[in-house]
Amino acid sequence: MLLGELGVFASYAFAPLSLIVPLSAVSVIASAIIGIIFIKEKWKPKDFLRRYVLSFVGCGLAIVGTYLLVTFAPNSHEKMTGENITRHLVSWHFLLYMLVEIILFCLLLYFYKEKNANNIIVILLLVALLGSMTVVTVKAVAGMLVLSIQGNLQLDYPIFYVMFVCMVATAVYQAAFLSQASQMYDSSLIASVGYILSTTVAITAGAIFYLDFIGEDALHICMFALGCLIAFLGVFLITRNRKKAISFEPYISMDAMPDEGAG
């Protein structure tokens, strides 16, 4: 897992954010195939069509969607220098996007904390909004580190440390909200809904901050969006057929215990 995460971290320095984020569908495909082969769950013939065939269809759709994503992904990729990142950070379109995101995040957090709005969409939207900032800052940090290793030192720019702190903070709070969601909802539901929301918001943030789609024609943008939709459907079919974990139920209900003060 550590090697995989390091590989993902490094990849942000070499490719557009809008390409890397939706490719997390590959991990869902791999986990589904590995689970079927190595876990060797027992299944009844009547369950085969409902569970495994739909999972294979989901894998096929996710592969087709991934192919479209790679083929029609944005080709623009600039060097992550301190000057470029600072220029993107203070651009009017990103500042407007940040204002909208902060307002939306505060509203969702208010309903979640004060109104007990524990709907999975509310929680995972909080995760997605934080995650969009995580991937934006990860790309900046990874790009500046790679340039520094190559000899073009970027660590003396204050923006590097600003991005690093934001990356760590958003990742920590993102994990906290995910942990809360996992206590209330099934992991397969979190995986599918979280992937769709996080990918959509992250692509939007990357397109605004890094201008990923500037210069792309309408056909490439539409085919890229189609690839995202097909990958979303594939991930949904894969995750919805996983077995739900059986929650623990005590043998003795505490409500059935006799009152100590009675009698």
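Guide: UniProt positions are given here in the numbering of this chain, with shortened feature names, and such annotations may be inferred rather than shown by experiment. In the unreviewed entry, "transmembrane region" covers residues 12-39, 51-70, 90-112, 119-147, 159-177, 189-211 and 217-238. This is a predicted model, in which local features need pLDDT of at least 70 and side-chain atom pairs count only at pLDDT 80 or more, while totals for chains, interfaces and linings use all residues. Residues are numbered from 1 along each chain as its sequence is written, and side-chain values use heavy atoms, leaving out hydrogens and water.

Visitor: How do you know how much of residues 119-147 is helix?

Guide: Helices are DSSP runs of H or I with at least four residues, strands are runs of E with at least two, and both are numbered from the N terminus. By that rule residues 119-147 are 97% helix and 0% strand, with end C-alpha atoms 43 Å apart, and residues 189-211 are 91% helix and 0% strand, with ends 32 Å apart.

Visitor: Why is H6 called roughly antiparallel to H7?

Guide: Axes are lines fitted to C-alpha atoms over the stretch in contact, and angles run from 0 to 180 degrees between N-to-C directions. Helix H6 (residues 92-113) and helix H7 (residues 120-149) cross at roughly 150°, their axes coming within 10 Å. An angle over 145 degrees counts as roughly antiparallel, and therefore H6 and H7 are given that name.

Visitor: What makes the contact of H6 with H9, and what classes of residue does it have?

Guide: H6 and H9 pack at about 150° with axes 8 Å apart, so they too are roughly antiparallel. Contact means heavy atoms within 4.5 Å, and His93, Phe94 and Tyr97 of H6 meet Val201, Thr204, Ala205, Ile208 and Phe209 of H9. Counting Ala, Val, Leu, Ile, Met, Phe, Trp, Tyr, Cys and Pro as nonpolar, Asp, Glu, Lys and Arg as charged, and the others, Gly among them, as polar, this contact has six nonpolar, two polar and no charged residues.

Key
Angles under 35 degrees count as roughly parallel, over 145 as roughly antiparallel, 65 to 115 as roughly perpendicular and the rest as oblique.
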